[in-house]
Amino acid sequence: MRELTHLHGATLQPDGATCFSLWAPDARSVAVRLGDGSVHRMLHQDEGWYSVRVNCGAGTLYRFLIDDRLSVPDPASRYQPQGLEGPSCVVDPAAYPWQNSDWHGRPWHETVIYELHPAACGGFAGIRQQLAELRELGVTAIELMPVSQCPGRHNWGYDGVFPFAPQASLGTPDELRDMIDTAHGLGLMVFMDVVYNHFGPQGNYLGDYASAFFDPLSNTPWGAAIDFSRPEVANFFLENALMWLIDYRIDGLRLDAVHAIGDDNFLRDLARRIRESVPDNRQVHLMLENENNQASLLEAGYDAQWNDDGHHALHVLMTGEQESYYSDFARDTTIKLARCLREGFIYQGEVSRSGKSRGEPSGHLPPTAFILFLQNHDQIGNRALGERLVSLADHRAVRAALGLVLLCPMIPLLFMGEEWGCEQPFLFFTDHPPELGEAVREGRRREFADFSAFNDEAARQRIPDPNDPATFLASVPNREAANPTLVDDWRAYYRTLLQLRRAHIIPRLPGSESDGARILGEKAISACWRLGDGSRLRIDLNLSEHPVTVSAPEPGSTVIHDDRASLSKDAALLPGFSSRAVLDPAT
């Protein structure tokens, strides 16, 4: 990745002027038109760059005029106050008065992630109001689904077109900073989900004046692939990452679907440049979603990967589902879960349902290189009806599995609402113009044509329309409408487990490694880890209805968690739908 020579977008200068820059190699001329109507011709510089310095400051609205015919917002716009098609706005990243300027983050091993959808939580101001309660629960980091400017008012965020601009319907850039500042004051990290693998289907004009941004010979599910071999393109996304980390003081990034990027050199260079650019005294964390299970990237500057393998195995054991990607986990599921707990990934080069090998050996990595979860936005929202796990599985099985997820040395992740047993769906929703909205609706319904529950047209008509505002509203967690007794019971259980993690697991995590996993029976497993202080953690999990025999705790051991209720207190028996965590002293 070539060093930065030009900065994309509008950059405030020390004297109050603004430098506007645009990479437009296909353009014959470029100008910037300000909100006051004035037009300023931009100078054509090397390698397709255009730039001009104008005496204007923060708050100035502007658009780029390409070849005196095409008026477009800035692809590196820092704010789109009037939405996707409106003018861009100059922003002063240094104007916000940070109250917690001494915040340097938290170490990775302390991480407990809470993923949330910003619009479903009331925008940046609404999230801010929930932070104290999340800290009290035991969360140490919130992860925002993408906030980049998308079409309409509500969207999952993965249709972003302006990756530098926070969605205007969520709040202003400074309201986002205020939420982050408040989180830091409470000791909470803030992670941002960023999408570097594609742009959304509406409002992207790069192809009209910078066609070299894309590689026409390489396709993705969203069209022509982004060409990261171009230094101008690679630096566009590097600048974006550094903006979140420096201008907004975000504590970490989750890179969405990097298997669709297809350029490992870019990913490695991105991590390296981020590490070189962020001060040594800051704790900054980089996470991946990567269907390819590339363990090598977790040794190249990335802290961890979302462990879909672990989720899929647990989901199959609890629900019995075997369609779509769950079919890769339908056979020998208990054995596969054991491998996950022992080595991280389940697929480490084996052939998946696609007929291709998937994954790299991962057993040498620490358990903290894997993020484990029972629910997240994908695993709920990519279902046709958006059902949450508590609507699909026995609640006793969910509670037992939580004993594993929240106490094992992998990094746990929760999805908004799961901590109080939310049963509302989290559906796929968009806010597109009618024609595009209809295409999205029909495409969404076609996706499920091969599923047994939706293989006829009438059944597919029951799949909610993503573009219907009611679909978004149905996905907004409403704790007030839930059974208060169940809400309190679920919250108390999550809080208890996270208190145990904070007291017994987190202080011992650095230097942890697997100490094996063995099968106790169908859907039952005992996994062990040697923790960093020499102590040994054992978690026994039984997701079947039948009791299994398990080793009794050794003399001197501490049973830190026992979810067997009153079914049995026989130390050598693990009843159905239960879990137990035992901590052996250091030897």
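1. The second largest pocket holds about 350 Å³ of space. A pocket here is an open set of points on a 1 Å grid over the protein atoms alone, with protein on both sides within 12 Å along at least five of seven lines. Its volume is the space filled by probe spheres set on the points. The model is predicted, so local features need pLDDT of at least 70 and side-chain atom pairs pLDDT 80 or more, while totals for chains, interfaces and linings use all residues. Residues are numbered from 1 along each chain as its sequence is written, and side-chain values use heavy atoms, without hydrogens and water.

2. Lining residues have an atom within 4 Å of a point. There are 16 of them around the second largest pocket, and Leu-7, Thr-11, Arg-78, Met-243 and Asp-247 are the closest to its centre. Strand E1 (9–12) and H4 each give two or more residues, with H4 giving the most, 5 residues. The lining divides into 10 nonpolar, 2 polar and 4 charged residues. Asp, Glu, Lys and Arg count as charged; Ala, Val, Leu, Ile, Met, Phe, Trp, Tyr, Cys and Pro as nonpolar; the others, Gly among them, as polar.

3. Cavities, where a 1.4 Å probe fits but cannot get out, number 6 at 30 Å³ or more. The largest cavity has a volume of about 130 Å³. Of its 18 lining residues, Ser-148, Gly-160, Pro-163, Val-194 and Val-195 are the closest to the centre. Strand E13 (162–166), strand E14 (189–194) and helix H4 (231–247) each give two or more residues to this lining, which holds 12 nonpolar, 5 polar and 1 charged.

4. Helix H2 (residues 173–185) has 13 residues and reaches 18 Å from its first C-alpha to its last, close to the 18 Å expected at 1.5 Å a residue. Helices are DSSP runs (H or I) of at least four residues, and strands (E) of at least two. Among the buried residues of H2 are Leu-176, Met-179, Ile-180 and Ala-183; buried means under 20% relative accessible area with a 1.4 Å probe, protein chains only. Their cover includes helix H1 (123–137), strand E11 (141–144), E13, E14 and H4. After H2 comes Gly-187, with a positive phi near 85°.

5. Helix H10 (residues 434–447) has 14 residues. Its buried residues include Arg-441, Arg-444 and Arg-445. Helix H8 (377–381) and helix H11 (457–460) are among the elements that cover the buried residues of H10.

6. An automatic or database assignment divides the protein chain into domain 1 (9–90) and domain 2 (511–584). Their centres, taken over C-alpha atoms, are 61 Å apart.

Key. Expected span 1.5 Å × (residues − 1). Buried < 20%, exposed > 50% of the residue type's maximum accessible area, 1.4 Å probe, protein only. Contact = heavy atoms within 4.5 Å.
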